[in-house]
Amino acid sequence: MIIGRVASESETKSRGCLLPNRTRKTHDVRCINVCAKKRPSISSYHWVEKNNITQYITHRAPFSSSSTIMEPVSQTQSVGDDYLSELPTEVLVSVLEKLDLRDAVRAGALSRRWRHLPHQLPRLVLDIVEFLGDDEYDVEDDDDEGGDEEQAEGPRDGLAGASDRMLEAATALLASRAAAGVPVNALSMRFVLSCRGKHHMSLGRLLDGAVAGGEVRAAELSIMTTCCSTVDDSNTRVFVGHGRRFRALFDGSPAAFGALTELAMEDMKLDKADLPAILTTCTRLEVLSLTNCDPGGGWWRVRHAQLKDIRIGYCIFHCVELAWLPKLERCSYKRWSFSSSSYQPLAFGHVPCLTTVTMTNGHTNVDVKTLRLSQILANTAVSNLGLNLWAENIWVKPEAPKRFIDMFRNLKHLKIRNVHEDCGLSWTYFFLQAAPVLKELYIKLWDHECERGLEVFPAKKSNVSWEVAAGFKHYSLTQLTILGLYSTRDGVVAYIRRVVEAAVNLKEIQICEKGPCKECGVASGLGFPRTAKEKSVLRESISDGGSVAVNIVCIQS
């Protein structure tokens, strides 16, 4: 068995949330057969035998916070014999934080000096994926037929076995810390809502009791499922079942949810009262992630005093209004539905600390609706803006720069991803005109459609023209990055040339090659300049036969 891992505070801040970055097609549990097969065998770790982790933890001598940790170096011991063990306890604990929990516990067997160090780890991470054995990767989707009780009595699958071991290890870890008298500052748990057994309820009650008893000070939950599709009429029952099990967990663990600082949920049919109840109960919540959830549509008005990061993807809302979030710093909204409402999908109210907004378009193949960023970003002054067009028509409506005087006054970093090659780039000039302090502009081009499957809903791509006044100059832009250049003769080069003419302080242009498609392996951007001659032709095309004081770098994949 493989124990979860310990994440450092710096890693947690950079990651922003318990969930790793992933697409819907590479779900850790949905592709568990792939994940488990790639993991090394248990014997390769040269550690305790499988299923003995609980005994290993339990049989360690309990540690008291009043015990003396530092053992003085004996007079006969030469100075420098063991520099590592002579380091202060805080430094050694910091070292252990960088290890997997498995290795951190193993380090406690090195010496008496290290014996009690695992008990002082401030943060513990238990991940269901890490408890799956090499022969336990046959996980079936929930169908919710026959009720939870009937399914619980059926054959045990790999997920049930992993859940058992995770519960066993979590119980032993918390008991060991309780005996040592050292509370856990933060406990992160990722588990699965499954109709096969009720392990999630047992884990919830365990965490609830630990929080209520003062053994855990803060908690983070990532609640996963084995569902691999979006909600529709054919699988509504499955999503309803997930939602019912979540509500049972929520109602049965009030102390645990009250201590949450991070919560990630996916693949659920929620009642309209569920999200308001979560925000009311989770008063310490800082990170909230909703993926592929159906909260019943409608207008979601969000008010929370502590929330700093909100991530919404593949959910069904008419509009999400972030009305009062005084500490919100980051917002990501992915794949909304244009056809569900005539409202703008996102609106901001009181968000004085907001710095980063990322938006990815919805299902616009059939009925394209353009959005006015001046309406969506009203009341904001972001410094980082990301727009992912996902190879669709341009759903951002170019507007007069004067509309963004307040909104873009702090915008320094702009990323525009997956612009279809037929749509052109001239429409992006309005960002240069509207953002006077913009320093970095990143554009990723699109030339391969197998991943999106656009042949199902074919749509003719159209260019959006935008005229720039003669003599326009931008004095802050220092770097331009283009990912996916197709040819030195296409319109992208003409676009780069115009940017060079306008950005008087531009220092570097990075032309990056796109790697092979992850879905089919087809290479993209066959016209990318590779030889010295091709790169020279590109530089001459950008400079239009003259000379430019800009460093042009071609980066091959």
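Is Arg247 buried, partly exposed or exposed? Select Arg247: its relative accessible area is 21%, so Arg247 is partly exposed. (Buried means under 20% relative accessible area, exposed over 50%, partly exposed in between, with a 1.4 Å probe and protein chains only.)

This is a predicted model, where local features need pLDDT of at least 70, side-chain atom pairs count only at pLDDT 80 or more, and totals for chains, interfaces and linings use all residues. Residues are numbered from 1 along each chain as its sequence is written, and side-chain values use heavy atoms, leaving out hydrogens and water.

**Stop one.** A salt bridge is a side-chain nitrogen of Lys or Arg within 4 Å of a carboxyl oxygen of Asp or Glu. Asp271 sits in the loop between strand 4 (260-269) and helix 12 (274-281), and Arg247 in helix 10 (residues 236-252). Helices (H or I, at least four residues) and strands (E, at least two) are DSSP runs, numbered from the N terminus. Asp271 is partly exposed, at 41% relative accessibility.

**Stop two.** Select Glu321 and Arg301. Their side chains meet in a salt bridge at 2.9 Å, N to O. Glu321 lies in strand 8 and Arg301 in strand 6, 20 residues apart. Glu321 is buried at 16%, whereas Arg301 is partly exposed at 48%.

**Stop three.** Go to Arg530 and Glu513. The closest N and O atoms of this salt bridge are 2.1 Å apart. Both residues lie in the loop between strand 16 (508-512) and helix 16 (532-543), so the pair ties together parts 17 residues apart in sequence. Glu513 is buried at 11%.

**Last stop.** Select Asp309, Arg311, Glu329 and Arg330: salt bridges link them in a network. The structure holds eleven salt bridges.
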